[in-house]
Amino acid sequence: MIRISIFLALLAATVARAEPEGTQQPLPIDPLWKSSLFRRTVTGSFGIDSRIEPRITVDEESYLDEASQQVAADNREGAIKSLASSSILDESPALLFSLATFEFEEGDHESAKTHFLEAIELFPNFRDAHRNLAIVFVQQEDIENAIKHLSRALELGSRESITMGLLGYCHAVQEHHQASLDAYRLAALTQPSERQWKIGEAQALQALERPREAASILQQLIDDDPSDLNIWLVQADNWIALNQPVDAIANLEMGHRTHEITPEATLSLGHLYLQNSLPELALERYQVALTQPEPVSLSRAVEALELLTNFSEWDLGASLADLIAESESLQPQLTSESTDRKILSRFHRQQALIELEIGDAAAGAQLVADWLDQEPLDGLALILLARFKEEDGSREESEMLLERAELIPEHAAAAHLAHGKLLVSEREFNAAVEQLEQSLSLKQSDSLADYLEAVRELVP
């Protein structure tokens, strides 16, 4: 028996060869699959330590040499066929490992997984087979099995950054953020030049609510390579957590202007503009987010509309409401019976509020009434229609609507509060106190308690 490097000189060609076209590369660590260190680690030699690597026999050496010659002649398919047709394949963990590694590189992950498993069955302590099999599982998003084999590789002495870093990624997917941070830091110690480990460390810190540390790492990455827009976008979340909205806007705006951010991120940019007293820019970003080929969901669009009305930006809200109503991509959600009725209720109520404030109050009231014909137990819609009736001087109708809403448990507290406020406006303080007390008993609120005390002082 002799010991040789499994791939001999052919590995130089293997490392330099481009990633096979069509290979699936899962985020967020997809750049890793293309790094030279990753390829060197996966295709590295073995046969040095008999505790964790099988010795190579003379027969195995002949097949490996043949495969080496095929790859040297740029005939990788021939190398795979040579190994696959070997008469000793089923009894050789070395050949199975080599075949699996070639298959992995060619994107045939199922065959690679099968052959790595067979190699491990023949040689249970085969450290590199455990590690490479884990990589296949990561690419197939089978995180449980990936962790199992990465952990076994660690038990067998693996200390490569690839093993540590992928373990960090797997823990991040499972939301084990402290374990993820520890693993990423170990990977970065071994290979400080790999950006993916630093990105993972920053994301783990962010998940652990340590945004200042995360932002510092991300800033170093940006300084090293400002062209990597993903880092700018990740850092924006940390600026928000640090209450530095201007910095977050700058980061997101960079992505917006280069057309590299999602409609969801564009919507978030709009929120930041609105919260920083730039409502017109907010509306512009909302409009962009709603007019993309794959725009934001109806729920997120309504969320933006609610923010505009909460800031009393009624004219801008009217423009956004019209855009939502006329959007071809959102129309199916607006008309589908399967759409969450609460989302539709929110949208119709916002339309009505806008009419109440700057449009035709009667038209707004009719919008709510039409919706209640479809959803008679929509408590918030009943409360809103009661407000329309009160504004119109129809107190009796308003109180009847509020009494209906008070019978709906989910909205009883809000209905009693609205009823109490109506009675306060009519200077009926004793009755108002009763309504406010019922509201407070259903939903505790310091501000409501203070309001109740103020009304009690008005009782004759």
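This is a short walk through the structure shown above, from the whole chain down to single pairs of side chains. Keep in mind that the model is predicted.

Let us begin with the overall picture. The protein chain is built with 26 helices and zero strands. It has 460 residues, and 50% of them count as buried. The accessible surface of the chain comes to about 22200 Å², and carbon and sulfur atoms account for 49% of that area. Contacts across the sequence are also worth a look: among those in the chain with a separation of 6 or more, 55% are between residues 24 or more positions apart.

Now step inside. The largest nonpolar core has 84 residues. Within this core, the residues that touch the most other members are Tyr286, Leu290, Leu298, Leu320, Ile324, Val368 and Phe388. Take Phe388 as a guide: leaving aside residues up to four places away in sequence, Phe388 touches Ala352, Leu356, Ala361, Gly364, Ala365 and Val368. Apart from this core lies another one, made of 47 residues, including Ile56, Ala79, Leu96 and Tyr184.

Helix H6 covers residues 109-122, which makes 14 residues. From its first C-alpha to its last, H6 reaches 20 Å, close to the 20 Å expected at 1.5 Å a residue. Which residues of H6 are buried? They are His109, Ala112, Lys113, His115, Phe116, Ala119 and Ile120. The cover over these buried residues includes helix H5 (93-105), helix H7 (127-139) and helix H8 (143-155).

Next come the charged side chains. Side chains of opposite charge can pair when their charged atoms come close. This structure holds 26 salt bridges. One of them joins the side chains of Lys81 and Glu77, at 3.3 Å from N to O. Both residues sit in helix H4 (residues 76-84), four residues apart, or about one turn of the helix. An α-helix has 3.6 residues a turn, so residues three or four places apart point the same way. Lys81 is exposed, and Glu77 is exposed too.

A second pair bridges two helices. The side chains of Arg300 and Glu264 meet in a salt bridge, with 2.0 Å from N to O. Arg300 belongs to helix H17 (residues 298-310) and Glu264 to helix H15 (residues 263-275), so this pair ties together parts that are 36 residues apart in sequence. Glu264 counts as partly exposed, because its relative accessibility is 33%.

Our last stop is Glu396, in helix H23 (residues 395-406). Is Glu396 buried or exposed? Its relative accessibility is 62%, so Glu396 counts as exposed. Ala386 is 10 residues from Glu396 along the chain, and the C-alpha atoms of the two are separated by 9.5 Å.

Technical notes
Residues are numbered from 1 along each chain as its sequence is written. This is a predicted model: local features need pLDDT of at least 70, side-chain atom pairs count only at pLDDT 80 or more; totals for chains, interfaces and linings use all residues. Side-chain values use heavy atoms; hydrogens and water are left out. Buried means under 20% relative accessible area, exposed over 50%, partly exposed in between (1.4 Å probe, protein chains only). The expected span of a helix is 1.5 Å times one less than its number of residues. Contact means heavy atoms within 4.5 Å. A nonpolar core is a set of buried Ala, Val, Leu, Ile, Met, Phe, Trp, Tyr and Cys residues joined through side-chain atoms within 4.5 Å. Accessible areas come from the Shrake-Rupley method with a 1.4 Å probe; for residues, only the protein chains shown count as cover. A salt bridge is a side-chain nitrogen of Lys or Arg within 4 Å of a carboxyl oxygen of Asp or Glu.
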